[in-house]
Amino acid sequence: MINRVLIRIKVVQLLYSYLLSQNEFRIESQVENPSRDKKYGYALYLDLLMLVLELSGIDVSNGRRESPLHGLTLNKHINQSQLAKSLNANFEIRDIIVKGRANPELFDSVVPSIYRAITELPAYKSFSKIKSPSLHDEVVLWLSIVENLMAKNPEFMTAARKSPEFTMAGFERGIELLKSTLGNYGDNRALLIHARNSLDHSMEKAYELYYALLQLASEITDEQAEKLENAKHKYYPTDADLHPDLRFVENKYVQALRDNEEYRTYIEDNKMSWAEHNATIKELLNKILESDVYKAYMEAPGEKTLEEDANLWRVLYKDVILPSDALAEALESKSIYWNDDLQEMGTFVIKTIRRMGLLSQGEKKGNPILPMYKDEEDGRFGADLFNSAVKHCNEYKELIERFVNTSRWDADRLAFMDIVIMVAAVTEIVDYPAVPLAVSFNEYIEIANYYSTPRSGAFINGILYSVTKYLRDEGIITKG
């Protein structure tokens, strides 16, 4: 019942939140109205960040120059390390690289000697003996590299002095900023666990919304029954008050819903109620009583069938209940998830009403209440997609940016949400060979049109086309 359309939306939402709050390395910002020392210190800090990446075998030049490591034997212990990949995945770092805001080429002449000297450091010798080094182990190594091979290196100082903005105080400040960024990294494991739990919770809340919406018909019917009963006790009741038409309050669809064991068990087990939103129930009832479909239903003579009663509620949900502002306000107060899920869950409620209307009274032809997931594969889809997107995020971002830089689109247009959507899309395209490309394209373009910028859909379509062509050419995917 929770279909892949909604699952994709929730994965994108949670992936966006997770990546936005990732804080393994916090990139410093320039202070307002900086002095000459602070201005140079910050410029050097950006250069140093790029040098850490270059020494780790990551290209930061966007093809503008040859790597200073060209011709050297790459060190397997630091090449493409966790630390470097984490830094390179940072959106601020990517912005620095794409916009060419740093000038690490000032240090090209000393990079080879620094690279060779790394293996002589005591910290490196200890690090190279660790079988599976953690990010913390890498941070310890890099702090030693910065302190011994940059801060205290006369050759490095000479290269730094080539900048016309150089000041000694600024140099020291740049070194300290880098050490602060590396030393104050955060562990994202708890954050990842929280994001995964939030994904599961949001799915459960979506299913709860499905039942809450179904329950509205029962609550509204009870409100009308009470209203009719109260009318009998007026000082001067009319004949209509004393002998009301009960076809609406004795609606066969509502009775069938109440008799459904799965529905009744879920409502009771989760203690679901609209009691705190009686004003909303009253407002929805008033809108129903004023609606043309209700008036036509009550004016038509004769007893109604289950199918006719179900059809009444199907139209009432579609035209009166689901579009109601009062309902939207009530849902927002009941759960932060529900307004985003209303359209999808409303569709499933209408489908359930139609299914129930097709059941003849006294016959059992299957349960019209929809299960949380269609099958086990759909039940795993969200968690698997999210985990894989997180695991391959850096890899897919680099792949995406490769085609952004060579397309007609300006790299500055690479909005954060666009990146998240494309990472999720590429993950699905690679991990789910049975899902047609057209389906993945269309779903993520729709998400982009709704959640990102007005032109994001066209932008993402162009990039995904280039990425999938590359993936086919490389034999990573075979679907067309």
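At what angle do the axes of helix α10 and helix α16 cross? This is a predicted model. In it, α10 covers residues 189-231 and α16 covers residues 306-321, and their axes cross at roughly 100°, coming within 12 Å. Angles of 65 to 115 degrees count as roughly perpendicular, and α10 and α16 are therefore roughly perpendicular to each other. On the α10 side, the contact is made by Leu213, Leu214, Leu216, Ala217, Ile220 and Thr221; on the α16 side, by Trp313, Tyr317 and Ile321. By class, that contact has eight nonpolar residues, one polar and no charged ones.

Staying in α16, we come to Leu316. Is this residue buried or exposed? Its relative accessibility is 0%, so Leu316 counts as buried. Leaving out residues up to four places away in sequence, Leu316 touches Phe248, Ile288, Ser291, Val293 and Ile321. Take Ser291: it is 25 residues from Leu316 in sequence, with the two C-alpha atoms 8.4 Å apart in space.

Next, helix α19, residues 376-391. From first C-alpha to last, its 16 residues reach 22 Å, close to the 22 Å expected at 1.5 Å a residue. Where does α19 bend? The bend is at Gly382, by about 30°. Gly382 is also one of the buried residues of α19, which include Asp378, Phe381 and Ala383. Further along, Leu385, Phe386, Ser388, Ala389 and Val390 are buried too. Among the elements covering the buried residues of α19 are α1, α20, α21 and α22, and also α10, the helix that crosses α16.

Methods: Residues numbered from 1 in each chain as written. Predicted model: local features only at pLDDT ≥ 70, side-chain atom pairs only at ≥ 80, totals over all residues. Heavy atoms only, no water. Axes fitted to C-alpha atoms, helices over the stretch in contact; angles between N-to-C directions. Helix = DSSP H or I, 4+ residues; strand = E, 2+ residues; numbered from the N terminus. Parallel < 35°, antiparallel > 145°, perpendicular 65-115°, else oblique. Contact = heavy atoms within 4.5 Å. Nonpolar A, V, L, I, M, F, W, Y, C, P; charged D, E, K, R; others polar. Expected span 1.5 Å × (residues − 1). Bend = angle between axes of the 7 residues up to and from the residue. Buried < 20%, exposed > 50% of the residue type's maximum accessible area, 1.4 Å probe, protein only.
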